[in-house]
Amino acid sequence: FPGLKVVMPSTPADAKGLLKSAIRDDDPVIFIEQERMYGNKGEVPDDSDFTIPLGVADVKREGNDVTIVARSLMVPVALKAADALQEQGVSCEVIDPRTIRPLDIDTIIESVKKTNRLVVAEESHPFCSVNAEISAEITERAFDYLDAPVKRVSGADVPMPYAKNLEQMAIPDVQKIIAAVREVAYLD
């Protein structure tokens, strides 16, 4: 919906800064928290006036070979995958959009221009997802810079299973992101 803003933090500091910005914003803002992140720990600025502007992505890790865009719970997973890939000689840039709407597509485009490859990772289903929107935007606005098709890593296109072992199969993990990066980098 035009005018509606959507926020999805991935760290405690981002949660504080984005929540304060959301409260102060004149437009309606939906603040989406990933329940499975409630136990995550991290530094939070003491500044009582600390805010993060809505619509500004954060480059969580610099890289040169492949861009990984991840949001919410997938950001720490993408960072672990980037660490493992670094040991294999693949340098990954990890971007956290932090807000879905407005989406800072310009930061993602600049990264794709540098790396020429894009993997987008999220827990959501693949159909009509944020990953699909980012893929479409990059295809429309940065196609000439791509050396490989955009690769989406999403949750399985099934209702979430109750059994723990099936749930783990349905949610993206480090290995699925590594496989996607290796595919777009033509390493397999």
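Reader: Before we start, what should I know about the model and its numbering?

Author: It is a predicted model, where local features need pLDDT of at least 70, side-chain atom pairs count only at pLDDT 80 or more, and totals for chains, interfaces and linings use all residues. Residues are numbered from 1 along each chain as its sequence is written, and side-chain values use heavy atoms, with hydrogens and water left out.

Reader: Why is D49 called partly exposed?

Author: Buried means under 20% relative accessible area, exposed over 50%, and partly exposed in between (1.4 Å probe, protein chains only). D49 has 46%, so it counts as partly exposed. K60, at 25%, gets that label too, and so does D58 at 23%.

Reader: How do you know that K60 and D58 are paired?

Author: Their side chains meet at 2.9 Å, N to O, in a salt bridge. They also belong to a network of salt bridges with D14 and R98. In total, the structure holds 17 salt bridges.

Reader: Which salt bridge does R71 form, and are its partners buried or exposed?

Author: R71 pairs with E122, the closest N and O atoms being 2.3 Å apart. R71 is in the loop between β4 (66-70) and α2 (74-87), and E122 is in the loop between β7 (118-121) and α4 (130-142), 51 residues apart. Both R71 and E122 are buried.

Reader: What makes the span of α4 close to the expected one?

Author: The expected span is 1.5 Å times one less than the number of residues. With its 13 residues, α4 is expected to reach 18 Å, and its first and last C-alpha atoms are 17 Å apart.

Reader: How do you know which side of α4 the buried residues are on?

Author: V130, N131, I134, S135, E137, I138 and A142 are buried in α4. They cover an arc (taken from the directions from the helix axis to the C-beta atoms) of only 165°, which puts them on the same side of α4. Helix α6 (residues 174-184) has its own buried set: I177, I178, A180, V181 and V184. Their arc is only 160°, so they are on the same side of α6.

Reader: What makes a group of residues a nonpolar core?

Author: A core is a set of buried Ala, Val, Leu, Ile, Met, Phe, Trp, Tyr and Cys residues joined through side-chain atoms within 4.5 Å. The largest one has 24 residues, and V66, I68, C92, V119, I177 and V181 have the most contacts inside it. α2 gives the most to this core, with 7 residues. Apart from this core lies another, of 14 residues, including V69, V120, V130 and A142.

Technical notes: A salt bridge is a side-chain nitrogen of Lys or Arg within 4 Å of a carboxyl oxygen of Asp or Glu. Helices (H or I, at least four residues) and strands (E, at least two) are DSSP runs, numbered from the N terminus.
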